[in-house]
Amino acid sequence: MSSKLFTSASIGPLTLRNRTIRSAAFESMCPGNAPSRQLLDYHRSVAAGGVGMTTIAYAAVTRSGLSFDRQLWMRPEILPGLREITDAIHHEGAAASIQLGHCGNMSHKNICGETPVGACTGFNLYSPTFVRGLREDELPVLAKAYGDSVRMAREAGFEAVEIHAGHGYLISQFLSPYTNHRKDRFGGSLENRMRFMDLVMEEVMSAAGSDIAVLVKMNMRDGFKGGMELEESLQVGKRLVSDGAQALVLSGGFVSKAPMYVMRGAMPILSMTHYMESWWLKYGVRMVGSKMIPTEPFREAYFLEDALKFREIITDVPLVYVGGLVSRKKIDEVLDCGFEFVQMARALLNEPAFVNRMRAEEKARCNCGHSNYCIARMYTIDMACHKHLQEKLPPCLEREIDKLEKKWVD
């Protein structure tokens, strides 16, 4: 069977030059919640490296939706900077997408400027902070912010938006029985838990019109007992298609409960705490971090089994596979299973020109070692592969990375 990888394909009104998408992995390259030259240079490098579309991640639709102090916040004054990035991406022949979301309870007053809000009132141990449950009258206003962000994305030159409805962020917090204990019409049954998602999608599709492609990233499983499982997620997927989604990005995991279910492997605790400024947080995470962030075994294409179940029942929109793709062989296998597109993040951080190399080499495989150093560093500085750093790492971090890479590399 000939490879589909370098054939064109469409998502709604948008046609991509090939089947690859740089997934919406948070870069931590936006000091002041605004785009930077570093963000431009990275996405331009991925576009020049042959990807079909690159996705900037993730942009909060309101200030209350910020979970990091180096994260984009959609507002009119950042649009000229975003336009520079989309122009650079287009110059290299790729399409440009931006992920839009709201972190819900995954924030802190120091970052978002107010008591964090979520589906329900409670306490978020990971921030740590108290959380205020959103009132019913606030939900249409918040949904409208998603639509307003889509309009700003168009003005900034993006051809696509990816709505974040997974990973335990706000829409996901409404969908999951783990975080949604509401007693009003937005809680209880799955039908009720999908209402906020429906409100968001109504605003998004109205704003997108006929010229912006709309993808939605969703969870197939939350990744722990008491979270959303496949049976309900399949219904969510069908509802998103009914709501107008033009492609689904199939993921899983909950950043506040099962973060490594999203990324797989282990979190390098020494590397993560090395960059933390707060001494009490540094030593606290070193003491209990391995228990709070349990390891999930890595294997290539780790979400494929669940994603195939979505492929069986959702046939009228493209499905985007994401999760552990590091070789052309496995990418061809995933595409041959009926998925229209594949997303990669760590592979393209490790090697921005990986797509071009796959075009030249049928057996191409990136040399990502799955140590997850890039993620550990991301929380404090930026997302960067340890193999491309200008500075020399301390010996203790080198030993940690070496140990993890020996464990996970085949």
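Colleague: Which residues of helix α13 (residues 328-336) are buried?

Modeller: This is a predicted model, in which local features need pLDDT of at least 70 and side-chain atom pairs count only at pLDDT 80 or more, while totals for chains, interfaces and linings use all residues. Residues are numbered from 1 along each chain as its sequence is written, and side-chain values use heavy atoms, with hydrogens and water left out. Helices (H or I, at least four residues) and strands (E, at least two) are DSSP runs numbered from the N terminus, and buried means under 20% relative accessible area, exposed over 50%, partly exposed in between (1.4 Å probe, protein chains only). In α13 the buried residues are Arg-328, Lys-330, Ile-331, Asp-332, Val-334 and Leu-335.

Colleague: What do the buried residues of α13 pack against?

Modeller: Contact here means heavy atoms within 4.5 Å. The partners of these buried residues are α12 (304-313), β12 (319-322), β13 (341-344) and α15 (354-360).

Colleague: Is Leu-335 buried or exposed?

Modeller: Leu-335 is found in helix α13. Beyond four places in sequence, Leu-335 touches Lys-4, Leu-5, Arg-19, Glu-340, Phe-341 and Val-342. Because its relative accessibility is 0%, Leu-335 counts as buried.

Colleague: Which residues have the most contacts inside the largest nonpolar core?

Modeller: A nonpolar core is a set of buried Ala, Val, Leu, Ile, Met, Phe, Trp, Tyr and Cys residues joined through side-chain atoms within 4.5 Å. The largest such core has 121 residues. Apart from this core lies another, of 15 residues, among them Ala-213, Val-249, Val-320 and Phe-341. In the largest core, the residues with the most contacts are Ile-98, Ile-163, Phe-196 and Leu-248.

Colleague: Which side chain is joined to that of Arg-22 by a polar contact of 3.4 Å?

Modeller: Arg-22 lies in strand β3 (residues 20-22) and counts as buried because its relative accessibility is 0%. A polar contact is a pair of N or O atoms within 3.5 Å; within protein, one must be able to donate a hydrogen and the other to accept it, and residues adjacent in sequence count only if both atoms are side-chain atoms. The Arg-22 side chain reaches the backbone oxygen of Ala-25 at 3.0 Å. At 3.4 Å, the side-chain partner of Arg-22 is Tyr-42.

Colleague: How much space lies in the largest cavity?

Modeller: On a 1 Å grid over the protein atoms alone, a cavity is a set of points where a 1.4 Å probe fits but cannot get out, and a pocket is an open set with protein on both sides within 12 Å along at least five of seven lines; lining residues have an atom within 4 Å of a point. Grid points are joined across faces, edges and corners, and a volume is the space filled by probe spheres set on the points. The count comes to 1 cavity of 30 Å³ or more. The space in the largest cavity is about 120 Å³.

Colleague: Which helix gives the most to the lining of the largest cavity?

Modeller: The lining has 16 residues, of which Cys-368, Ser-371, Cys-374, Cys-385 and His-386 lie nearest the centre of the cavity. Both α14 (346-350) and α16 (373-378) supply at least two lining residues. The most, 3 residues, comes from α14.

Colleague: Which strand supplies the largest share of the lining of the second largest pocket?

Modeller: That pocket holds about 330 Å³ of space. Its lining has 16 residues, with Asn-105, Phe-123, Asn-124, Tyr-178 and Thr-179 nearest the centre. The largest share, 3 residues, comes from strand β7.
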